[in-house]
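Hi,

Here is the model I said I would pass on. Have a look at it first, and my notes follow below.

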Amino acid sequence: MFYSFFKAASVAVALALPGVALAADYPTKPITLIVPYQAGGSVETMGRVFADALGNELGGKVLVKAQPGAGGKIGTTATANAAADGYTIALIPDSTILWPAIAEDVSYNLDSFTPMVTVALLQQALVTSKKSGIETFEDLVAASKAGKLSYADQNSISRAYVDYIAAQEGLDWVAVPTKGGGEMVPFLLGGKIDFAWSGGVHNRYLDDMNVVLGMIATPLQMTPDVPTIQSRYGIAMPTGTTIWAPAGLPEELKDKLIKASIAAAQSEAFTSLLNDKLGFPAAAISGDALTQTLNEVNESLVKVYETTKK
């Protein structure tokens with residue numbers, strides 16, 4: 001009788017708290033991890049290794065789905081529109097979510113998502129091919145004044161920051177859109193463009209590329225002697241790369257995913273990828289600290305937009 005009573009009481013609690021029962025069983029099928037950039041780039045590479053580590057932590061499969069296009073907006077929109085059931089999450093740079101909502105006509109904004117854990121810090125930079133003979137930022141400016149140069153961008157925020165530099169230097173650069181580092185690298189090394197904005201994939205090609213300007217606030221991890229946009233112009237790009245879910249994710253699932261994501265971000269496979277191959281600082285930022293960071297980044301991007309909008 002006591003067992004029957006206990007079982008009935010447990011069922012009653014589960015029915016009263018469906019999120020608890022859902023979290024206990026989760027996942028019961030593969031989870032999709034959307035990456036909004038082309039295969040072969042730094043974010044997609046991180047996504048594949050992170051997905052394996054996250055699957056190990058959750059005891060299920062996490063499948064990477066690359067959805068490139070429109071500067072990351074296609075995959076980001078797909079994430080915002082997905083069911084908030086824990087089976088669609090995404091690895092997306094913070095700027096890919098925040099900037100379009102400020103500067104473009106998109107159907108999403110920060111409130112369209114549940115931010116969970118920032119797992120890495122990007123190392124954005126301007127780079128050239130070693131074959132170009134452009135070895136420093138001063139070389140790039142001089143070459144640009146001698147003739148019109150083209151560069152690879154990956155989204156509207158990279159274009160805005162590069163255009164800001166051009167305006168400060170009195171230059172006119174031609175932007176060539178690419179779908180991510182996987183497309184940028186062959187364009188640059190094949191001589192189709194003169195220089196490129198890189199989200200960090202250049203760290204894997206330092207034998208073939210010159211890093212001429214860091215686009216972040218602090219010195220680049222693998223090329224710390226390269227000047228930064230912060231030191232020259234007083235602005236910088238956001239660096240966070242975060243695990244996101246659609247807005248409305250039940251708290252119990254959110255808590256389970258955050259715990260597993262932090263463990264995955266600290267796994268040997270993921271930290272080894274960041275430190276030994278990509279040259280990205282590792283991170284595990286969540287909760288109030290993440291919310292505060294995103295709000296501060298959003299405010300700074302609004303200021304940049306007001307300065308650079310045409």
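The C-alpha centres of domain 1 and domain 2 lie 24 Å apart. Domain 1 covers 31-122 + 239-308 and domain 2 covers 126-233, with bounds from an automatic or database domain assignment. Keep in mind that this is a predicted model, where local features need pLDDT of at least 70, side-chain atom pairs count only at pLDDT 80 or more, and totals for chains, interfaces and linings use all residues. Numbering runs from 1 along each chain as its sequence is written, and side-chain values use heavy atoms, without hydrogens or water.

On to the interface. Together the two domains bury about 1800 Å² (accessible area lost on being put together, 1.4 Å probe, summed over both), and 59% of that is on carbon and sulfur atoms.

On the side of domain 1 that touches domain 2, the elements giving two or more residues are helix 3 (42-58), helix 5 (94-103), helix 11 (268-278) and helix 12 (287-308); helices here are DSSP runs of H or I, at least four residues, and strands are E runs of at least two, numbered from the N terminus. Helix 12 gives the largest share, four residues.

Helix 5 is mostly covered, with eight of its ten residues buried (under 20% relative accessible area, 1.4 Å probe, protein chains only). Among them are Trp99 and Pro100.

Cheers

How values were computed:
Buried < 20%, exposed > 50% of the residue type's maximum accessible area, 1.4 Å probe, protein only.
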